[in-house]
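These are my notebook entries on a single structure. I record what I looked up, entry by entry.

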Amino acid sequence: MILNYDVIVIGGGHAGCEAASAAANIGAKTCLVTMDMNKIAQMSCNPAVGGIAKGQIVREIDALGGKMGIVTDATAIQFRMLNRSKGPAMWSPRAQCDREKFIWQWRSELDNTDNLDIWQDQAEELLVKDNEVVGVKTIWGAELMAKCVVITAGTFLNGLLHIGRKMIKGGRIAEPTVEHFTESITRHGINAARMKTGTPVRIDKRSVHFEDTEIQPGENDFHQFSFMGKHRPLKQLPCWTFNTNEEVHKILTSGLNDSPLFNGQIQSIGPRYCPSIETKLVTFPDRNSHPLFLEPEGEDTNEMYLNGFSSSMPMDIQIEALKKIPALRDLKVYRPGYAIEYDFFDPTQLNHSLESKVISGLFFAGQVNGTTGYEEAAGQGLVAGINAALKAGAEGKEYTPFVMHRDESYIGVLIDDLVTKGVDEPYRMFTSRAEYRILLRQDDADERLTERSYALGLATQERHQWWLEKKEAVNRLIDLCANTAVKPKEINGWLESNGSSTLKIGCKVIDLIGRPEITLNMIASQYPTISEFIQTLPNRQDEIVEAAEVRIKYKGYIERERQFADKMHRLENIRIRDRFDYDSLQSLSTECRQKLKRINPETIAQASRIPGVSPSDINVLLVLLGR
C-alpha cells in the first residue's frame, strides 16, 4: 500500500506532536506515524513541564502557535514560578501534570487538526533517491511517500533497557525497540552515536508515611503557560520532599558492582544535570544526604514519581535502600527505576532549520539530536515541522527557512548550540546558555515571536489578536505611568511607610515603579487613574500589569542588551557557507580548519561560536572577505 503526503513525522512524542501539528496547521498534508496512538506525548519520565529555562521554551512554543502550553494548562495539577527571588529574566514556570490526561488532551488536539492523519505503525526504512528523501517504509509494508520527513523517534532507535545486570531491548519500559531504522539513515552518510538516560522508581502512594515528609504546595496566582488557555481547571495537589540518609547510601554503595553505570555495561554518556542517585554517591562521596521530591502522577491515581532517585541499580537494591527512609519504611513500588541507551544523530550535520545537510527534505528533532527534556524536544519539533511544511509547499523551489536567532528565543539558542557545537552529553537548556536572557523572558515570548508565526500562517487569528490587544494595553499603561505626575507632599508618607526613600522634588509615577521595592499594583492603589485603567482591561489584567512593570523596571538593561544583540547581527549578516576551501587556509589553526570544514557554518557569527575557532581565526576570515 502506498500513501502520499507532503510531510511525514516519525514518532508521537513531544517533538513529533508539535512537528505534526505545526506542519498540518500551516497547510501541509501531514501524517504522524506512531507505534501506539494511546501513548501520544507520553511523559516517559517526570510528569512535569517547564522549569529553569525550559518554562521559557514552553511560553515560546505557545507564542508561536504550538500546543504544549495549552495542553499543560489543561492538565496541570500543580503550578509554580521558579526563581522568584531573582530578576524576571530568570523567572521560569513549571507545572506538574496529570500524566494520562496530558496524553488524551494532546490526542484531542491532534484528532481535531485539519490536514493531519495518524498512522499506527513502526518505521523500518527511510526511502531516499538522489540524496533526497522520498518517504518511509514501515514494518507492515506500508510505503508512506512525502516531500519531507521529520524524525522524532526519541529513545526508541535500538533502545536497550538496563536494571542491574539485566538488559532488555526496548524504547521504553514494556515497549518495543525500533531496529534497522538507524541503519537505513546512516548508510547515507549521517553519523550516529549512543546516549543514555534514566528514570526513577514509581511508588504506591498508599505506602507512604506523609507525616515524615515536608509538604510542598503549589501557587495559585494568575501565572500559567499559555497566553490563550483556561486557568488550571483540574484539582491542584501538593508535592512532598524528604532526604536520603547514610543508611540509604550504604546499601546503594554495596550494589555498585552490579550498577550498569560502573561495571562497564553502559558505555554511553548520561545527562550531567540529571544524574542517577548512584552517580551522585560517587561524585559527592562526602554528602550525607540528597533531597528527594515525591510528586503525584495524576488526580485519580496512587502512582507517584520519586524525583531525584533516577537509577539503574538492581531492583532489590533500589527498594531495600529506599525503605531506610522513614517516610518510605513500608514502601510498595509499581516498578523500579531503569536506564536506557539509544541512538542519536550528530546535530552538526543539520542546518538551523533542522534539515539535514546530507539528505534534502530530511529533518531531525528531539532526543535524536542529542537533547534531553520534553520542552527542548517540543521546541525543536515545532521548528522542524514549520520548515518541513514550508519546504514541501515550495514545490522544489527555493524557500526561506524559519530560523530564530539567539536574541529571539531560547529555542534559537538551543538549535544554534546543537548545530554549531554539537553534543558530547544529553543537552539540557539553562538560562546561563543564553547571552541575551534579559531579552528572552517568560513574560515577553509573544512580543518576540507571535508576529513572525502569524505571518507564516501558524499562529491563529485569535492568538494574533490577543497579542495586539495586549501590546496596546501594555504601551498605554506605560504611557499613563510616564505622564502621571507625583508631588512629594502627597506621596512621601506612603513611600516612608513602604520602606522607600522620600521625594525632595516631584517626578512621574514611572520613576517610582523603577524602584525595586515599589510595584505597579502598589502605585495603582494610590492613583485612581491608573487603577481605573487597569480595571478597564478586557482580560488578563495581571499579565498586562506584570509585562508593563518588567519593561519599566528593566528598561536600561533591556536597551543595553538589545544594543549588544544588534552588533552581533552584523556578523550574522556576513554569510560564508561554501565561500572558502578551508583546507587551503594555512593562516588558520589546524583545529579551526577541521571544525570549519566539518560544520560549514552559515555566517561569521556562527563560526565564532564553534569551539576551537579563536577570535584571531575570525579576524583572518574577515580580512579574506575584505572586511
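**Entry 1**

Does Lys421 count as buried, exposed or partly exposed? I looked it up in the model, which is a predicted one. Lys421 counts as partly exposed, at 42% relative accessibility. I then searched for a charged partner and found Asp417, which forms a salt bridge with Lys421, the closest N and O atoms being 3.6 Å apart. Asp417 counts as buried, at 4% relative accessibility. Both residues belong to helix α10 and are four residues apart there, so about one helical turn separates them.

**Entry 1**

I looked up Arg107 next and found its side chain in a salt bridge with that of Asp111, at 3.1 Å from N to O. The two are four residues apart in helix α4 (residues 99-111), which means a separation of about one helical turn. Arg107 is buried, with a relative accessible area of 12%, whereas Asp111 counts as partly exposed at 47%. The cut-off for buried is under 20% relative accessible area.

What do the side chains of Glu425 and Arg272 meet in? They meet in a salt bridge of 2.9 Å, N to O. Glu425 lies in the loop between α10 (410-421) and α11 (445-456), and Arg272 in the loop between α6 (246-254) and α7 (277-283), so the pair ties together parts that are 153 residues apart in sequence. Glu425 is buried, with a relative accessible area of 14%. Arg272 is exposed, with a relative accessible area of 52%.

**Entry 1: an open sheet of three strands**

I traced the order of the strands in this sheet as β4-β6-β5, with antiparallel pairing. Strands β4 (48-50) and β5 (76-82) are the edges, each pairing on one side only. Neighbouring strands of the sheet are turned by 15° against each other on average, direction ignored.

Between β4 and β6 (residues 92-97) I noted three bridges in the antiparallel sense. Ala48 has Gln96 in β6 as its bridge partner. Helix α3 (residues 68-75) packs on the sheet and touches β4, β5 and β6. The direction of α3 makes about 115° with that of β5.

**Entry 2: strands β2 and β3**

In a regular strand, side chains alternate between the two faces of the sheet. I checked strand β2 (residues 7-10) for the directions of its side chains. Val7 and Val9 point one way, Ile8 and Ile10 the other way, and all are buried. Strand β2 runs parallel to β3 (residues 30-34), joined by four bridges. The bridge partner of Ile8 in β3 is Cys31.

Leu160 stands opposite Glu341 in β20.

**Entry 3: the surroundings of Val201**

I located Val201 in strand β14 (residues 192-204). Val201 is buried, with a relative accessible area of 1%. Not counting residues up to four places away in sequence, Val201 touches Met304, Leu306, Phe309, Gln318, Leu322, Val333, Arg335, Pro336 and Gly337. I also looked up Asn307, which is 106 residues from Val201 along the chain, and found their C-alpha atoms separated by 8.9 Å.

**Entry 4: the second largest pocket**

What is the volume of the second largest pocket? I recorded about 790 Å³. It is lined by 36 residues, and the closest to its centre are Asn351, Ser353, Glu355, Tyr399 and Pro401. Elements that give two or more residues to the lining are β9 (132-138), α9 (374-393), α10 and α18 (555-572). Strand β9 supplies the largest share of the lining, three residues.

Key
Residues are numbered from 1 along each chain as its sequence is written. This is a predicted model: local features need pLDDT of at least 70, side-chain atom pairs count only at pLDDT 80 or more; totals for chains, interfaces and linings use all residues. Side-chain values use heavy atoms; hydrogens and water are left out. Two strands pair if DSSP finds at least two bridges between them. Axes are lines fitted to C-alpha atoms, for helices over the stretch in contact, and angles run from 0 to 180 degrees between N-to-C directions. Contact means heavy atoms within 4.5 Å. A salt bridge is a side-chain nitrogen of Lys or Arg within 4 Å of a carboxyl oxygen of Asp or Glu. Buried means under 20% relative accessible area, exposed over 50%, partly exposed in between (1.4 Å probe, protein chains only). On a 1 Å grid over the protein atoms alone, a cavity is a set of points where a 1.4 Å probe fits but cannot get out, and a pocket is an open set with protein on both sides within 12 Å along at least five of seven lines; lining residues have an atom within 4 Å of a point. Grid points are joined across faces, edges and corners, and a volume is the space filled by probe spheres set on the points.
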